[in-house]
Amino acid sequence: MRKRANDPLLAFWRAYGMLMEGSTAEALRELATVSQVESLELAAAAAMVQAHESAKVVDQDAVMELSTKLEVEESSASDATLLHLAHLYRSA
């Protein structure tokens with residue numbers, strides 16, 4: 001894992017693992033960083049929606065903003081972006 005420490009895909013799945021373990025705040029921080037990578041942008045947004053919805057206090061504005069982003073950008077997303085999003089939905 002040290003050889004691939006800067007791999008954004010690995011960072012995404014590490015953040016998703018944190019989310020599944022209940023480390024919502026830490027996962028959101030990691031996902032915000034990963035969302036800057038174009039091919040992971042929508043998968044990160046979907047994971048952030050899941051993170052916000054699983055938080056003790058749900059940030060409804062963030063959920064609405066991210067959900068809108070997913071709806072708008074999904075139709076024009078690249079195949080790689082859609083593939084990452086599909087992998088996330090399949091594992092959720």
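Residues are numbered from 1 along each chain as its sequence is written. Because the model is predicted, local features need pLDDT of at least 70, side-chain atom pairs count only at pLDDT 80 or more, and totals for chains, interfaces and linings use all residues, while side-chain values use heavy atoms, without hydrogens and water.

**The aromatic cluster**

The structure has two aromatic pairs. Rings of Phe, Tyr and Trp (its six-membered ring) pair if their centres lie within 6.5 Å; planes under 30 degrees apart are stacked, over 60 edge-to-face, and the rest tilted.

| Pair | Centre to centre | Angle between planes | Type |
|---|---|---|---|
| F12 and W13 | 4.9 Å | 80° | edge-to-face |
| W13 and Y16 | 5.7 Å | 85° | edge-to-face |

Ring pairs link F12, W13 and Y16 into a cluster. W13 and Y16 sit three residues apart in helix 1 (residues 8-20), so about one helical turn separates them. Helices here are DSSP runs (H or I, at least four residues), numbered from the N terminus.

Which of these residues are buried? Buried means under 20% relative accessible area, exposed means over 50%, and partly exposed lies in between (1.4 Å probe, protein chains only). F12 is buried at 1%. Y16 is buried at 6%. W13 has 31% and is partly exposed.

**Helix 2 against helix 3**

Helix 2 (residues 24-34) packs on helix 3 (residues 41-54). Their axes lie 10 Å apart, at an angle of about 160°. Axes are lines fitted to C-alpha atoms, for helices over the stretch in contact, and angles run from 0 to 180 degrees between N-to-C directions. Helix 2 is therefore roughly antiparallel to helix 3 (under 35 degrees is roughly parallel, over 145 roughly antiparallel, 65 to 115 roughly perpendicular, the rest oblique).

Which residues make the contact? Contact means heavy atoms within 4.5 Å. Helix 2 supplies T24, L28, L31 and A32. Helix 3 supplies A44, A47, M48, A51, H52 and S54. By class, seven are nonpolar, three are polar and none is charged. Ala, Val, Leu, Ile, Met, Phe, Trp, Tyr, Cys and Pro count as nonpolar, Asp, Glu, Lys and Arg as charged, and the others, Gly among them, as polar.

**T81 in helix 5**

T81 lies in helix 5 (residues 79-91). Leaving aside neighbours within four places in sequence, T81 is in contact with E38, S39 and L42.

Conventions. Helix = DSSP H or I, 4+ residues; strand = E, 2+ residues; numbered from the N terminus.
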